[in-house]
Amino acid sequence: MQKLILLILLPLLLASCKSAPSPAVREKILLNSDWYFFKYDSTQQADALIYDVRPPLSDTRDDKPADAQPTEALQVEADVPVLKPWILPSGNAFIKNPAQHHQRPEGQPGSDFPFVQGDFDDSAWEHVDLPHDWAIAGPFMEGWEAEVGGGMGRLPSHGVAWYRKKLDLPQSDAGRQIVLEIEGAMSYAMVWLNGQLVGGWPYGYNSFQLDLSPYVHFGGENQLAIRIDNPPHSSRWYPGGGLYRNVWLHKTEAVHVAQWGTYITTPKITEAQATVEVETRIANHLDRAAPVKLQTEIFYLGSDGQPEGPALASTPEMDVLILAHSETTVKAKAFVEAPLLWGPPPTQTPHRYRALTTLKQNGETLDRYATNFGIRTLDFDGEEGLKVNGERIFIKGVNQHHDLGALGAAFNRRAAERQLQLLAEMGCNAIRMAHNPPAPELLALTDSMGFLVVNEIYDSWERKKTPWDFHLIFPDWHEQDLRAFVRRDRNHPSVVLWSYGNEVGEQYTEEAGAELSRRLRDIVRDEDPSRPTTVSMNYAKPHMPFSGVADVINLNYQGEGIRNTPAHAHLTGIRTDPLYPAFHQKYPDKLILSSENAAAISSRGTYLFPVAEGFSSPVSDGQGGDSKAMHVSAYELYAVDFGSSADKVFATKDQHPYVGGGFVWSGWDYLGEPTPYYLARSSYFGIIDLAGFKKDRYYLYQSRWRPELPMVHLLPHWNWPGREGQLTPVHVFTSGDEVELFLNGQSLGRQQKEPYEYRLRWDELRYTPGELKAVAYKNGAPWAETRVVTTGAPTALQARADRSTLQAEASDLAFVSVEVCDADGNTVPNAHPLLTFSLEGPGEIVATDNGDPSDMTAFPSLQRKAFNGKCLVIIRPQKGKPGTLQLTVSAKDLESATVRLQSE
């Protein structure tokens, strides 16, 4: 009967729309320029427009072991006015059961507050562009009593701040939907337009949209005001602060493709043809039903990310009627002939396509919505691991936090691309997003570069790791956050696995924790049944109910064993033997991954003696560590108490070939979590340091992950005045199978790798100045060669930019590496001169860094010491002003270095 009524009404509705004016198509406008910013000096001085009250602070120590057991939440009831009831409805679109939708109360909280008024004078506020991280400029907070400790990076990320911007919306936009999209706001964002509270979103990592339409003054100026409240003691790493990702304004007709409204899958693929299923949600904000025609065309994307040539396929044009103030989901199919598959290099190519969905009414286009996707198959097997397009792909992955070193949390595409490029050069093929949704642009990069991605959302559920972390909002927001997370990212071909938790406290709560895990798993499956789910476990054992809930077994350190060697016998904490066999026996059909492994630590270019005899050792003073200098030896044998060296991880994987691979903790150093020295500012975990310089460990992974690449690397450096005649072990990493070592031309012998051996060691070598040379062989033939020498005294600086030509855009960056050299051009590895930086031309020095976790010099400083012979300068061109930029780097008694860049 309902279908009959719709068929009768359809001609009448079409007739009623014939005289409607021709609508414009969707507009997406970047709002990153010209914001005004104000931050209160302290939370005590901040306004009272709070989202909710927080429990009293307890146990604010931030140097707890990363595998400490989470604890129960503290309960608190609001005794002051809070805005939560007005903010909760912002997530209704992601609550599946309409009966559970939140009803907005009457009233407009904050409407009389000066900062939301159009006539408020904000001219004295700071003028900023987005993405903006209010904390990254520092200064660093030093000492044990600092307001922000080492765990969160010793930077002033906490506090309450406001952003304001004028929006000019012409009268011609009246009747259109005006939507604000914020890709990331750290955190508890609340938005006002023209003095009216629009809504908000508490979780700082989720992207969200708010409908501004009811509050817009068309044909005039509109005042946008956004309040951010980033609590201290809310994270185990550096969160950043503010509007740290892009902000957009969307303009659509009242009938349009809904937010993240397409879902594309490729359920059947052959060499001849791929079936592409397109599911489209259409929203109608009119007071009447709307008839439209819907069609999706498919184009191939070139290397520049733009469509090439005509449409390759299309869905049939369909007539759809969307009832008033409702959404309708439409499913259709297209068939791509001779499809080019998306897959990870080097054996596959990340081919991509674009689906262009068009809505029309009476021949006029209402909306065009573009969705990039890939065509590929994924198979997860308990014995064979992950297969992409039928080929087994061993996951050679790393974990990455969201900060970009000296740039902080403010997302920059070029900086993220640089990180991925260096990881790809090492042989990395996969990224685990630890432990939060990434910027959308990062997934665009992993799509185009061919990285596999484990996309992760939560570090905590109901039980807390820090006093004011996500557990405070989990009961109210987990469904909205989880559905929004999956819906936003489910068309990215690089995303192969959803992770909905990391080392959560519910591992310890038996069946109650398992039941909560099932609820979260089912939400993910509801949004995307095409990919499996996982949750990373550092405690749950095979016999526990929690372990069997997710589709893929993700183990943090348990596979290799935790604190299970004689060197760890004196330590407290989680202790377990290697658990790959037990999990495989219990769940033989489930893929097992090492979602976190190693957690090895080192300071680039720092070598401490004596050197551990075994292949993996915890760190302490005299055993790879120096707590006074806050440095860890770069012999790459040392790890945090619950971790292990890369060598131990490699051996365990080789002994259990059914394991599908894993993710190193971590790819790059990151701000915060400076285990084991919490008086420092940044981590020691990275294979690459915070400035982007490769540690020795980089070459150990490269020798393992790129066996076809002729390479050999030796350590340590060979500048050891005062150590003449003392034991100075030399270690060699190579993709070959044999190495001969020479000191000053004399052979020190030839060694072959034995089974489960990943480095070659000359531990009895005594230091003599001169030249060390390593010659690697493979299958008996020469393979690669390298050398290190005892350098002369520093005489000059050398500087090299990653690119010589930039775009005259504020989003572009140049990364300039500076090295301290002797008269022969050799880098002096133990030089630490104070460097001074200056720039001429249309640009600015954004930040400097040297990769030393203990360096408390503020990142914007134009003076910084080199660390073990190296330093980094980051340069940004001035928007719209092309020209020549010249960087000069100088130091006392050293020849200066200059670098010229062209901004176009």
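Author: Let us begin with packing, where a contact means heavy atoms within 4.5 Å. The model before us is predicted. In it, the buried residues of α3 pack against β22 (395-400), β23 (430-433), α4 (440-449), α9 (696-705), β44 (814-821) and β48 (870-877).

Reader: Which residues of α3 are buried?

Author: Buried means under 20% relative accessible area. In α3, this holds for Arg414, Ala415, Ala416, Arg418, Gln419, Leu420, Leu422, Leu423 and Met426.

Reader: What span does α3 reach from its first C-alpha to its last?

Author: Helix α3, residues 413-426, reaches 20 Å with its 14 residues, close to the 20 Å expected at 1.5 Å a residue. At its start, a side-chain oxygen of Asn412 comes to within 3.0 Å of the backbone nitrogen of Arg414. After the helix comes Gly427, with a positive phi near 110°.

Reader: In what order do the three strands of the open sheet lie?

Author: Strands of a sheet pair through backbone hydrogen bonds, either parallel or antiparallel. Here the order is β30-β31-β32, with mixed pairing. Since β30 (620-621) and β32 (631-632) are edge strands, each with a single partner strand, one side of each is left without a neighbour in the sheet. The pairing of β30 with β31 (residues 624-626) is parallel, over two bridges, and Ser620 stands opposite Gly624 in β31.

Reader: What is the mean pLDDT of the chain?

Author: The mean is 95, and 97% of the residues reach 70 or more. Over residues 1-23, however, the pLDDT is below 50, and this stretch has 17 contacts in the model beyond near neighbours in sequence. Where pLDDT is low, predicted coordinates should not be read in detail.

Terms used:
Residues numbered from 1 in each chain as written. Predicted model: local features only at pLDDT ≥ 70, side-chain atom pairs only at ≥ 80, totals over all residues. Heavy atoms only, no water. Helix = DSSP H or I, 4+ residues; strand = E, 2+ residues; numbered from the N terminus. Expected span 1.5 Å × (residues − 1). Buried < 20%, exposed > 50% of the residue type's maximum accessible area, 1.4 Å probe, protein only. Polar contact = N/O pair within 3.5 Å; in protein donor to acceptor, adjacent residues only side chain to side chain. pLDDT = per-residue confidence, 0-100. Pairing = 2+ DSSP bridges.
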